[in-house]
Amino acid sequence: MSAIPPASAETIDTSKPHPARVYDWFLGGKDNYPVDEELGRQIESLEPQTKYCAQHNRWFMRRATRHLAEAAGIRQFLDIGSGIPTEPNLHRIAQSAAPEARVVYVDNDPIVLAHAEALLTGTPEGATEFLEADARDPDAILEQAEGVLDFSRPIALSLVALMHFISDDDGAYDIVERLMAALAPGSHLVVSQMAGDFDPERTRQAVEMYKAGGVTLVPRSRAEVERFFAGFELVDPGIAWLPDWHPELGVDEVRNGTPVPLYAGVGRKR
Ligand SMILES: C[S@@+](CC[C@H](N)C(=O)[O-])C[C@H]1O[C@@H](n2cnc3c(N)ncnc32)[C@H](O)[C@@H]1O
C-alpha cells in the first residue's frame, strides 16, 4: 500500500502507557494493553466523562472533515497524530464527499502503523497512506508526504487531539508554523486541544497522572490555542468549545449536555 517503510511490531513498548492506546481504551477499542487501561481508569476516576469527551473529539474530527471536503472543497489531508484506526476514519469521511481525496496519516506510535496497514483502505480514485513519523520533526513529515500530496494545491493539516502532547519546549508553535508555511494558500488548519482553563485543579491532577505514566500532557487556554492560528482566517465560530463547533454537521452524535473541556478550531491560510 505504502512506499513508506513499516515499523516492526517488536518496537511496541507495552511496559508504559502510550497516548494512542489509552485513547483507544477510552473509545472502547481492543488495541490497548493493561498499562494503558490502568492510566485510562485513573483518568476516568478523576473525570467520569472522559470516554464521552474522547468520543466527542472523534465527532469533531468528522464534522471538521465534512466541512473541509464539502464546503471548503479540500481534496488533500495531512492528519498528524492520527491514532489507531477507529471507524469512520478521516479518509472515509473525506472520500465519501470526494472519492478522489488524498489522505496521509502520520503517527509516531508503531502500534498505529501495525493497525493502519491492515485497516486503512480507501477509494481507488484517491490515496490513503500512512507514515510513521514524529510531529516534532516537521521537515521529515513534509518530505515523505510530498510523494502523495501536491503541495502546490490546498491541503488540510489536521492536528486533532495532538498538540496537548507537544510542549512549548518541544516547539509546539514552531512546528505548526513550519508545517503551515509549506502549504499553499487556501489550505486549512484543524486543531482540537485539551483546555487548561476549564477546571484548572482537575487538569493539574490529570497532568500529574499522565506524567507518572511517562506521558507529557500540555493543556492550553483559549488564547494559547488561538495562537496556533496566528495569521490565518478563523472559520466561524472561531475557537469554540469542541461540541459547539458546527454541531449541525454532526451525524449520529449522542449528546448528553456534559461540558467537554476541549477547544476546537479551523483556520484558513490566505
Ligand atoms: C488522542 S490521540 C488522537 C487520535 C486522532 N487524531 C483523534 O483525534 O481521534 C493522539 C495521537 O497522537 C499521537 N502522537 C502523540 N505525540 C505524537 C508525536 N510527537 N508525533 C506523532 N504523533 C504523536 C499518539 O500516538 C496518538 O495516536
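Modeller: Strands here are DSSP runs of E with at least two residues, and helices are runs of H or I with at least four, both numbered from the N terminus. Also, keep in mind that this is a predicted model.

Colleague: OK. Where does proline 237 sit, then?

Modeller: Proline 237 is in the loop between strand E6 (233–234) and strand E7 (240–241). The bond joining aspartate 236 to proline 237 is a cis peptide, with omega about 10°.

Colleague: And what kind of peptide bond joins glutamate 87 and proline 88?

Modeller: That one is cis, with omega at about -10°. Proline 88 belongs to the loop between strand E1 (76–80) and helix H4 (90–97).

Colleague: Switching to the ligand: which residues come nearest?

Modeller: Tyr23, Asn57, Arg58, Gly81 and Asp107, out of 18 residues around the ligand. By class, that shell has eight nonpolar, five polar and five charged residues.

Colleague: What does glycine 81 do with its backbone there?

Modeller: A polar backbone atom of glycine 81 is 2.6 Å from a nitrogen atom of the ligand. For glycine 83, a backbone N or O atom lies 3.4 Å from a ligand oxygen. Then there's aspartate 134, with a polar side-chain atom 2.9 Å from a ligand nitrogen.

Colleague: How much of the ligand's accessible area does the protein cover?

Modeller: 96% of the 600 Å² that the ligand has on its own. The elements giving two or more residues to the shell are helix H1 (19–26) and helix H3 (50–71).

Colleague: New topic, the loop between E7 and E8. What's up with phi at histidine 246?

Modeller: Phi of histidine 246 is near 40°, a positive value in a residue other than glycine. Histidine 246 is in that loop between E7 and strand E8 (262–268). Aspartate 252 lies in the loop between E7 and E8 too, and has a positive phi of about 60° without being a glycine.

Colleague: Is aspartate 252 buried or exposed?

Modeller: Aspartate 252 is exposed, at 67% relative accessible area. Histidine 246 counts as buried, because its relative accessibility is 17% and the cut-off for buried is under 20%.

Colleague: Last one: what span should helix H8 have?

Modeller: 18 Å, given 13 residues (200–212) at 1.5 Å a residue, and the end C-alpha atoms are 18 Å apart, so that agrees.

Colleague: Which residues of H8 are buried?

Modeller: Thr203, Ala206, Val207 and Tyr210. Looking down the axis of H8, the buried residues fall within an arc of 100°, so they line one face of the helix.

Key. Residues are numbered from 1 along each chain as its sequence is written. This is a predicted model: local features need pLDDT of at least 70, side-chain atom pairs count only at pLDDT 80 or more; totals for chains, interfaces and linings use all residues. Side-chain values use heavy atoms; hydrogens and water are left out. A residue is near a molecule or strand if one of its heavy atoms lies within 4 Å of it. A polar contact is a pair of N or O atoms within 3.5 Å; within protein, one must be able to donate a hydrogen and the other to accept it, and residues adjacent in sequence count only if both atoms are side-chain atoms. Accessible areas come from the Shrake-Rupley method with a 1.4 Å probe; for residues, only the protein chains shown count as cover. Ala, Val, Leu, Ile, Met, Phe, Trp, Tyr, Cys and Pro count as nonpolar, Asp, Glu, Lys and Arg as charged, and the others, Gly among them, as polar. The expected span of a helix is 1.5 Å times one less than its number of residues. Buried means under 20% relative accessible area, exposed over 50%, partly exposed in between (1.4 Å probe, protein chains only). The arc is that of the directions from the helix axis to the C-beta atoms.
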